[in-house]
Amino acid sequence: MSSVLRVGSEARTAWCSFLRRRTAVFFTFGFPLILVAIFGVVVQTNPTGSGLFGHPTGYYVPGYLAIIVLFTPLTRIGSSIARYREGNRFEKLSTTPATPAEWLAAHTLVNVGIILLASAVVLGVLEFLTGWSVVLSPLLVPFVVFAVVMFCGLGAVLGRVADSQDGVVAASNAVALPLVFLSETFVAPEMLPAWFRPAVGLSPLTYFARGVRKVTYLQESGLSELFVLALLAAVFFGLGAYAIPQSG
Amino acid sequence: MAAAVTADSLSKRYGDTVALDGVSLTVDTGEVFALVGPNGAGKTTLVRSLTGTTTLDSGSVSVLGTSPGDTDGEAIGLLPQSFRPPERLTARELLTYYGGLYDESRPVDDVLADVGLDAADDTWYTNLSGGQQRRVCVGITLVNDPDLLFLDEPTTGIDPAGRQSLWSLVSDLSASGTTVFLTTHYMEEAETLADRVALLDDGSVVESGPPATLVETYGGGTHLRVETSGGDGQLATLDIDATATEDGLRVSNVSPEDIGDVVGILDRHGVEYESLTWTEPSLEDVYLRLTGDEADDGETDAPAADAVASGSGQR
């Protein structure tokens, strides 16, 4: 019970700190909206043609959501770790009953809330701007949650490796950009070289994209992808909790 | 009296740098123990060794009867060096947050009152003065009412009034039975607050004991500092036990009653002086003597007349 209370205390603080950083709030929600505006409205899809956006709008819904579930946790958790290190907060925390896993759970919880909210906003804006009617499956929620947990864990690892907030941003971009374009999000598998296609399965984001596409576009179950994603989330969360530093 | 902290032969290296070199010490329950040393002496590494936030190369530590990694988090408090909590929270929110990490915590209003921040409780941390910020940080270490408190340079960077306020707080904590392990590079702070002091230099404890005992044993006598404006020749004729300094003379073992005699000697020899400062030996004198840093004070060991006569005085 006390563990739950500690997670709650940490999560309330993280949520409050987030809301009071106005630029962080603006860009957390603004960045995916800019992408929707660019690709959904300016570039537009071309279902009868070929090329990068040769599928209907619904095909790219996993891509828009992938941007949020990937970039936001990586940069936010990584930056938080860098800030905590710079302020010697982990050194302080390590002498309290709070554990690294509780800290990560609290910050993951906050990210889940932020990203579920941002995902809802993106889907609403997408429907409003493109007229595409998004299929809302209840499975969307666990897909987003597991993906956020997974990338929060990865963000913690990056935060441990990088020695500053600048370093975290650079490392996050270096990891996230290849994943975004090579995980069946915006680039369909048939556009990739045949020899490369098996490598797509190595990206954890692929299982999110495939699963979300199944439940929102293909109207299939997506449970196998959800299972893989849950396993990956557990593994990455464990790695992330282990990576959280004990001192400055 | 039972030991709250026992450290035995602690050693720690960072690459080629020796941070701790066989440090041993004991902190008794209920006492204020100050670890004194300049920046880079190894103070923070020692605190981290005792709190289990760094691993030692060798040696053993017992904190409240267990190894640091197994210490009951409810029973200790730590203010790390250069600690900065989340900045966009108020003092009240910060104390509530850290209090929420413990099974039992003190009422926030009580802690705010202890650190004198009742009136600024709803101000964001980032908008508080440096002294107020430091008091919030100390308050954060008190939310769980710890039995053992580690304060790593708690007064660095704050104004004299803020420092006095924290000294008062530490004294109150000590009076209420809290064991305090304090690091500082302010000798006056250690001398004022500590029951016992350990002097750390290059990762080694060079001496430890009650401040008064250390001063009595190693501090030397009283001395009178004479700031002169004349040339070296004036000093050559003086017949007193004095050493030359960069700005004048230091006359040793002068009681307050003897000051008039020294002034008379200076006047008789026509030595022009700008000020006289009489001081008792302090912990700083002890530290400088034991670490061999006395020469940094601009003094020589030779008597003034001899020093001037041989042309080696530092004037």
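Author: Two residues are in contact here if their C-beta atoms, placed from the backbone, lie within 7 Å. Please keep in mind that the model is predicted.

Reader: Happy to start with the contact between the chains. How many residues does it take from chain B and from chain A?

Author: Counting the residues on each side gives one number per chain. The contact takes 23 residues from chain B and, from chain A, 22 residues.

Reader: Which elements of chain B each supply at least two residues of the side that touches chain A?

Author: By class, that side of chain B divides into ten nonpolar, seven polar and six charged residues. The elements that each give it at least two residues are helix 1 (43-51), strand 5 (76-79) and helix 2 (91-99) of chain B.

Reader: Let's follow helix 2 of chain B. Is it roughly parallel or roughly antiparallel to helix 4 of chain B?

Author: Helix 2 and helix 4 (residues 130-142) of chain B pack with their axes 9 Å apart, at an angle of about 25°. Angles under 35 degrees count as roughly parallel. Therefore helix 2 of chain B is, relative to helix 4 of chain B, roughly parallel.

Reader: Nice. Which residues of helix 4 of chain B does helix 2 of chain B meet?

Author: The contact of these two helices of chain B has six nonpolar residues, one polar and no charged ones. From helix 2 of chain B come Ala91(B), Leu94(B), Leu95(B) and Tyr98(B), and in helix 4 of chain B they meet Val136(B), Gly139(B) and Ile140(B).

Reader: What is the bridge partner of Leu199(B) in strand 9 of chain B?

Author: Strand 8 (residues 196-201) and strand 9 of chain B run antiparallel and are joined by five bridges. For Leu199(B), the partner in strand 9 of chain B is Glu207(B).

Reader: One last thing: which element of chain A has the highest mean pLDDT?

Author: Chain A has a mean pLDDT of 88, and 95% of its residues reach 70 or more. Among its elements, helix 2 (residues 22-43) of chain A has the lowest mean, 80. The highest, 96, belongs to helix 10 (residues 223-243) of chain A.

Methods
Residues are numbered from 1 along each chain as its sequence is written. Chains are lettered from A and ligands numbered from 1 in the order in which they are written. This is a predicted model: local features need pLDDT of at least 70, side-chain atom pairs count only at pLDDT 80 or more; totals for chains, interfaces and linings use all residues. Helices (H or I, at least four residues) and strands (E, at least two) are DSSP runs, numbered from the N terminus. Ala, Val, Leu, Ile, Met, Phe, Trp, Tyr, Cys and Pro count as nonpolar, Asp, Glu, Lys and Arg as charged, and the others, Gly among them, as polar. pLDDT is the predictor's confidence in each residue, from 0 to 100. Axes are lines fitted to C-alpha atoms, for helices over the stretch in contact, and angles run from 0 to 180 degrees between N-to-C directions. Angles under 35 degrees count as roughly parallel, over 145 as roughly antiparallel, 65 to 115 as roughly perpendicular and the rest as oblique. Two strands pair if DSSP finds at least two bridges between them.
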